[in-house]
Amino acid sequence: MRRINLDHLATTPVLPEVWAAMQPFFSEAYGNPSSLHQEGLRAKDALAKARQQIATFIHAASPAEIFFTSGGTEAANLAIKGVAYASQRRGRHLVVSAVEHPAVLHSVEFIEQQGFTCTRVKVNAEGWVDPADVEAALTDQTILVAVQHVNHDLGTIQPVQEIGRLTAARGVPFFVDATASGGWIEIDVQAIGANLLSLAPHRFYGPKGVGVLYRNRKARLVPIQHGGAQEEGRRAGTENVPAIVGAGVAAELAGRALPERIAHTAQLQRRLWEGLQARVPYLRLSGPAPGLGRIATSLNVSTEFIEGEGQLLLCDLNGIAVASGSSCVSKSLKISHVLAAIGLDQALAQGNLILSLGRENTAEDVDYFLDTFVKIVAKLRAMSPMWDEFQRGAIDSVVAPRGSGQTSAAPAAGMAGTSHAH
Amino acid sequence: MSDIYTLYNETVMDHFMNPRNLGDLADADGVGEVGAAACGDIMKISLKIKDGRIEDARFKTFGCGSAIASSSMATELIKGRSVQEALHFSNQDVIQALGGLPPVKIHCSVLAEEAIKAALDDYLKRHPAPAAPAAQPT
């Protein structure tokens, strides 16, 4: 069966050019970059090249500011814990947004158990962080501010440049989790004013098993993994050379193709959103409408009166890969903490679907998804007691209230977890 | 793809994709609805009962694949049973008939049991049982 990937936020396939660049470093050029012989020096040279490619990609001042890790999660752990431990004599307070990825939020929870404190800045109904709220949360004990570039569930673009300006003015290091945006929006660490920034190359056609942490001199950083002196002593362990080489090439290709990729997905995103609005009644978009406030790849929609896992399974059986923030999909049986943070109605949160486009998607893919999804919604609504009660006027719609019947409206906060599978 | 990977086993997937006894019974003798949209699952079971025996059962479910499969299987199992037998219906019957559920989805089978019990309660309320026969002296 033909497969359509509408879950690029989960991961992307490795591009042929990336795979070709990686291949020699498994068996032929297998050297350890720490070795001083030919094999080692060749591997070291490959790392240096990848470091330069990443530095160029995010407009870092120097490749010395690029550290390779095992993934975006490790990069976030290193940024949060590494800065906190390095700065604890100066202060023990952090400021993060309430809608950060679990890699950030759970790292923060871990150091809170060790006596650090953290202010979680709330977001508005579109998942947007107000820079004024970040500023208001700062104290003279604040040693780190962490706000994502783009929300991984909603696609909301955060005002990182404004936040970067105000943290710089206060001399507080600023960490930007760019794992949901890297490869899909221009990233300029200097323009943002980020002192730390993380990337997940597998989200932009690089391999899994490698992550990037950018860090400049204004943020003190101690290692959280101990061993050899790799990565300037900031991240011990023999480097994953093939994956790092792949990350470098993926970044170079993404940097070059960025305007084209954005234009392509933006057009499909519009087609998808217009199609959903026209063909699926009682459906709500979470996060900003397609345009300047939202990443050009994703839509986060909730279809009323049906649940998300059933939608996901039926999409999958029809050849379409999608994600959902509903509780049945998560291993913790809790809805996405992001949906809770924006105050989405509980039943709508259960009907959630996250669609994310990529370079290989076509208009035909979007049309096939729409045709299929219309049938899936009809099938699941026919099974749903809620749909039946709505038809009989016993309950009302939350998305488009008719003003008759009870609504089950209740904000999703308090039932959320942060263990959802992205 | 030559292989199809599935989240659930073949029986669960079959009941999810081809649910048995879907719908309502217009002249149901007992109806039970349990769960809440906020929790991700609502199950409604309607029973047609004649001479103390379940003649027909229907379900409607708002919920995940295993919730739909659990209610579909539960209605299959309950049909033909006496009310007394059905009162002892257990979620283990559903799990066994489905060939197992992932541990995090066991609660779906519990909900199916609760929906059936709720429908039976409704029936017993509407049809109060004649006083139990006095115990026979031995």
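The second largest pocket of this predicted model holds about 290 Å³ of space. Its lining comprises 18 residues. Those nearest the centre are A:Lys44, A:Leu47, A:Arg51, A:Glu231 and A:Glu239. By class, 10 lining residues are nonpolar, 3 are polar and 5 are charged. Two elements of chain A, α3 (38–57) and β2 (66–69), each supply at least two residues of this lining. Helix α3(A) gives the most, with 5 residues.

Two of the residues nearest the pocket centre, A:Arg51 and A:Glu231, also pair with each other. Their side chains meet in a salt bridge, with a nitrogen-to-oxygen distance of 2.8 Å. The pair links distant parts of the chain, 180 residues apart. A:Arg51 sits in helix α3 of chain A, whereas A:Glu231 belongs to the loop between β8 (211–215) and α9 (241–279) of chain A. Both partners are buried. The relative accessible area is 6% for A:Glu231 and 15% for A:Arg51. Each value falls under the 20% limit for burial, so A:Glu231 and A:Arg51 both count as buried.

The loop between β8 and α9 of chain A also carries A:Gln230. A:Gln230 is buried too, at a relative accessible area of 11%. Leaving aside residues up to four places away in sequence, A:Gln230 touches A:Ser34, A:Arg235, A:Ala236, A:Gly237, A:Thr238 and A:Glu239. One of these contacts, A:Glu239, is among the residues nearest the centre of the second largest pocket.

Salt bridges were then considered across the whole model. Side chains of opposite charge can pair when their charged atoms come close. Over all chains, the structure holds 23 salt bridges. One of them joins A:Arg42 to A:Glu28, with the closest N and O atoms 3.5 Å apart. A:Arg42 lies in helix α3 of chain A, and A:Glu28 lies in the loop between α2 (24–27) and α3, so the pair ties together parts that are 14 residues apart in sequence. A:Arg42 is partly exposed, at 41% relative accessibility. A:Glu28 is exposed, with a relative accessible area of 56%.

In chain B, B:Glu113 forms a salt bridge with B:Lys117. The closest N and O atoms of this pair are 3.0 Å apart. Both residues lie in helix α5 (residues 106–126) of chain B. Because B:Glu113 and B:Lys117 are 4 residues apart there, about one helical turn separates them. B:Glu113 is buried, with a relative accessible area of 18%. B:Lys117 is partly exposed, at 22%. These values lie on either side of the 20% limit, so B:Glu113 is classed as buried and B:Lys117 as partly exposed. Elsewhere, salt bridges that share partners join A:Asp388, A:Arg392, B:Asp24, B:Lys44 and B:Lys60 into one network.

The contact between the chains takes 28 residues from chain A and 28 residues from chain B. Together, chain A and chain B bury about 2,200 Å² between them. Carbon and sulfur atoms account for 67% of this buried area. The count between the two chains is 2 salt bridges. A:Glu309 and B:Lys105 form a salt bridge, their side chains meeting at 2.8 Å from N to O.

Terms used:
Residues are numbered from 1 along each chain as its sequence is written. Chains are lettered from A and ligands numbered from 1 in the order in which they are written. This is a predicted model: local features need pLDDT of at least 70, side-chain atom pairs count only at pLDDT 80 or more; totals for chains, interfaces and linings use all residues. Side-chain values use heavy atoms; hydrogens and water are left out. On a 1 Å grid over the protein atoms alone, a cavity is a set of points where a 1.4 Å probe fits but cannot get out, and a pocket is an open set with protein on both sides within 12 Å along at least five of seven lines; lining residues have an atom within 4 Å of a point. Grid points are joined across faces, edges and corners, and a volume is the space filled by probe spheres set on the points. Ala, Val, Leu, Ile, Met, Phe, Trp, Tyr, Cys and Pro count as nonpolar, Asp, Glu, Lys and Arg as charged, and the others, Gly among them, as polar. A salt bridge is a side-chain nitrogen of Lys or Arg within 4 Å of a carboxyl oxygen of Asp or Glu. Buried means under 20% relative accessible area, exposed over 50%, partly exposed in between (1.4 Å probe, protein chains only). Contact means heavy atoms within 4.5 Å. Buried area is the accessible area (1.4 Å probe) that two parts lose on being put together, summed over both.
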